[in-house]
Amino acid sequence: MSPQFLSLPAAFRRMGEAGELARFYGALGLSYSAGLPMTTTLASLSNPDAEETARRRAIPLREAVAAGGTLADGARAGGFLDLEVALIELGETSGRLQVTFAALAEFFEADQRLALEIKSRVFKLSINPIAGAFILPLPILYKFGLKAYLLVSVPMLAATLAGGGMLAWWSFTSTRGAPRYAIARFLWALALGIEAGLPIVRSIHLAAAALGPSTTATRLFSVPASEWSRTPLAVTLARTCELPRNAIMMVENMERTGNTAGTLKWMAKAFEEGTLS
């Protein structure tokens, strides 16, 4: 569904997709650890009663497995994030799918925390137009009665709900692409890639791609692979992400101690909370 055709309720539902993905991967992990056949789990997650985002993910996975392919084949065909595809493929080849599902659930849980914070701000902005549909026609109520008032206010409300989704979604995506939120999401994704054992350059590119269109992603992709390989991460991130000095010191210490994934997750959480931006 193209954002310009989103109604206001549909826009707010779409803002909750990260939460649905967190629950989707959580369900996959629980079923896998319980020893349930993957086909059974995917059939359950793709039925009409399942959450829409989970169903869109489960159907291509189920079809790929049924055709004798892999989960990674289904993820590629289903338009998953490159980060999801890479981690699923790595989980399958290494026999650590349970770890992969847990890691992706953790990533989307973090993404949902950010989404909820932004969604709350967008909701407050949306209140005024909705209230206006009831308040602005009040003079008509006093002069011409309830029927005339409803003839004006109901279409105004319907127009606000039908057309307000475009503005709400634009506000959500532009705020989500702001440096503080983009860096938090990038650090979470980078931590997962490194924790899974992917090469650093591959992890950086996957994490940047997971951001979608944003200034931060553009800056990250502008750095040649050779520079990521030969230059300390603290130096390159300081330039591309404009990290504050205390964050740079944490990355420098991380590179000395080797506690990479743990430090990146801690920093991501700090950016989420606004204590490190």
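Buried means under 20% relative accessible area, exposed means over 50%, and partly exposed is what lies in between (1.4 Å probe, protein chains only). This is a predicted model, where local features need pLDDT of at least 70 and side-chain atom pairs count only at pLDDT 80 or more, while totals for chains, interfaces and linings use all residues. Residues are numbered from 1 along each chain as its sequence is written, and side-chain values use heavy atoms, with hydrogens and water left out.

**View 1. Arg76 and Glu89 meet in a salt bridge.** A salt bridge here is a side-chain nitrogen of Lys or Arg within 4 Å of a carboxyl oxygen of Asp or Glu. For this pair, the N to O distance is 3.5 Å. Arg76 belongs to helix 5 (residues 71-77) and Glu89 to helix 6 (residues 82-94), so the bridge ties together parts that are 13 residues apart in sequence. Helices (H or I, at least four residues) are DSSP runs, numbered from the N terminus. Glu89 is partly exposed, at 36% relative accessible area, and Arg76 is partly exposed too, at 44%.

**View 2. Arg23 pairs up with Glu51.** The closest N and O atoms of this salt bridge are 2.8 Å apart. The two residues come from distant parts of the chain, 28 residues apart: Arg23 sits in helix 2 (residues 17-33), and Glu51 in the loop between helix 3 (38-45) and helix 4 (52-66). How accessible are they? Arg23 is partly exposed at 48% relative accessibility, and Glu51 is partly exposed at 33%.

**View 3. Arg239 and Glu227 form a salt bridge.** Here the N to O distance is 2.3 Å. Arg239 is in helix 14 (residues 233-240) and Glu227 in helix 13 (residues 225-230), so this bridge joins parts 12 residues apart in sequence. Arg239 is partly exposed, with 48% relative accessible area, but Glu227 counts as buried at 18%.

**View 4. Glu17, Glu52 and Arg56 make one network.** They are joined by salt bridges that share partners. Across the whole structure there are 14 salt bridges.

**View 5. Leu243 sits in the largest nonpolar core.** A nonpolar core is a set of buried Ala, Val, Leu, Ile, Met, Phe, Trp, Tyr and Cys residues joined through side-chain atoms within 4.5 Å. Setting aside neighbours within four places in sequence, Leu243 is in contact (heavy atoms within 4.5 Å) with Ile183, Leu237, Ala238, Ile248, Val251 and Phe271.
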